[in-house]
Amino acid sequence: MKKIIERLLVFFIGIPLVSALVLLLPYKFNLALNMAVIFFSGMGALELSSMLEKKLIHIPKAESFILGALAPFAVTLHISFGLPQWIIPAVIMSGAGWSLISRVFSRKAEIEFITNYIIGCFSVLIYPGFFICWIVFMSGWGNPPAILLFLFITFGNDSIAWLFGTLFGANNRGIIIVSPNKSIAGFIGGIFGSLIISIGAILLFTSVFPLTDTSLPNLIHTAVIIGICTGIAASLGDLAESAIKRSCDFKDSGNFMLGRGGVLDSIDSIAVAAPVFFLLFSKLLNV
């Protein structure tokens, strides 16, 4: 019961806060949101580095946070502050370069762990940073409701998957080894939730979708593709993080978020779904 109350509190408090952040603070292409993405990406990388310790992969905490925040920080420099686009690969490559050369002059006793260090650095640089930075790219559209739609699709996927799993998942759990508590009912419910949110948004708020063909069949077709593909990516993101936790013998990535465990537990679906939604929204709507 405590877990349910905590999840409900996060839902009813968190959703309005996120909506306000996106809709009420559009200054400099949602700079406030972009800063939040940078922070949570760094915190997620910190949690990942803590899990990697179980595999004898040690990355100093400061380096973990910086490397994890680097990709969304680089994109923010371009989107919100107008720096040239080449700043993005330049900043990311500086992090990758640091990972490769920073231990060149290590002591003899440390040499055998250099490969582990490099693997760990590249891991936190890519996940969650390189995935979740696509939310910052979305802010470049100048269409805050579209960002909110993405967040609602992923939040809805997680919440409805949990609800369906609780109600109908008793006899269909354990199919996926890395997350035995996940059920087929929950997976189907999550995809269904993402689909309904996407269709509802495109029918009720057509202005969010700058389509040239606004006929009903085309609107529904676009919404179905975006909803299903983003929902599947969100579910796979959740399972991918579960695989990492199980491999490292962690139940939760941390305890930062009330009722949800760690930061990485809260952004795993968002991170993997972000590039999928960005690509689909950009290509289907010619943004």
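Reader: Buried means under 20% relative accessible area, exposed over 50%, partly exposed in between (1.4 Å probe, protein chains only). Which is Cys-248, buried or exposed?

Author: Cys-248 is buried, at 5% relative accessibility. Keep in mind that this is a predicted model: local features need pLDDT of at least 70, side-chain atom pairs count only at pLDDT 80 or more, and totals for chains, interfaces and linings use all residues. Residues are numbered from 1 along each chain as its sequence is written, and side-chain values use heavy atoms, leaving out hydrogens and water.

Reader: Thanks! How many disulfides are there?

Author: The count is 0, taking a disulfide as two cysteine sulfur atoms within 2.5 Å. Cys-121 is in none, as its nearest cysteine sulfur belongs to Cys-248, 16 Å away.

Reader: New topic: where is confidence lowest?

Author: In helix α1 (residues 2–23), with a mean pLDDT of 73, while helix α3 (residues 61–79) is highest at 97. pLDDT is the predictor's per-residue confidence, from 0 to 100. The chain averages 88, and 93% of the residues score at least 70.

Reader: Nice. Which residues make the nonpolar surface patch?

Author: Ile-175, Ile-176, Ile-184, Phe-187, Ile-188, Ile-228, Ile-232 and Leu-236 make a patch of about 670 Å². Patch residues have over 30% relative accessible area and no salt bridge, with nonpolar side chains joined within 5 Å and like charges within 9 Å. A salt bridge puts a Lys or Arg side-chain nitrogen within 4 Å of an Asp or Glu carboxyl oxygen.

Methods
Helices (H or I, at least four residues) and strands (E, at least two) are DSSP runs, numbered from the N terminus. Accessible areas come from the Shrake-Rupley method with a 1.4 Å probe; for residues, only the protein chains shown count as cover.
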